[in-house]
Amino acid sequence: MSSYQPGRYPREYNPKVHGPYMPGRYYGKPDTPFGQVKLGELGDWFGRRNKGPSAIWAAIHRGYWRWAAKNLHVRHTGFVPYGQAIMCISAIYFGIMYSERKYHRHCKYH
């Protein structure tokens, strides 16, 4: 598997074959989708994955660009990307403040 290099195209990308570069597309060899993997083949499927930090970062990068192409980089942006960002920030804040809030639960003493 190739390693992610910021500012460079993936090694698998060939402009003559793939056309214009799309940052949200995986240019490696296609494999069986996770939803079609049988339980007996699950160990082999996970064994074929690249689990290094550069591969994880490349997957996060592709996921962001897919989300941005669908929600943010459109002609008429609606409330969806901003609402999703607000909900993510709220969830993170809730997780940070959970240890303070759990003492304020309503309890019955009987």
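Modeller: Happy to! Let's start with Phe46, which is partly exposed at a relative accessible area of 41%; here buried means under 20%, exposed over 50% and partly exposed in between, using a 1.4 Å probe and protein chains only. Keep in mind that this is a predicted model, in which local features need pLDDT of at least 70 and side-chain atom pairs count only at pLDDT 80 or more, while totals for chains, interfaces and linings use all residues. Residues are numbered from 1 along each chain as its sequence is written, and side-chain values use heavy atoms, leaving out hydrogens and water.

Rings of Phe, Tyr and Trp (its six-membered ring) pair if their centres lie within 6.5 Å, with planes under 30 degrees apart called stacked, over 60 edge-to-face and the rest tilted. By that rule there are eleven aromatic pairs. One of them joins Tyr13 and Tyr21 edge-to-face, with 5.2 Å between centres and 75 degrees between planes. Trp45 and Phe46 also pair edge-to-face, at 5.3 Å and 80 degrees.

Side chains of opposite charge can pair when their charged atoms come close. Arg49 bridges to Asp31, with the closest N and O atoms 2.9 Å apart. Arg49 is in the loop between helix 2 and helix 3 and Asp31 in the loop between helix 1 and helix 2, so this pair ties together parts 18 residues apart in sequence. (Helices are DSSP runs of H or I, at least four residues, and strands are runs of E, at least two, numbered from the N terminus.)

Asp31 also forms a salt bridge with Arg48, at 3.0 Å from N to O. Arg48 and Asp31 are 17 residues apart, linking distant parts of the chain. Both are partly exposed: Arg48 at 42% and Asp31 at 32%. Together, Asp31, Arg48 and Arg49 make a network of salt bridges.

Methods:
A salt bridge is a side-chain nitrogen of Lys or Arg within 4 Å of a carboxyl oxygen of Asp or Glu.
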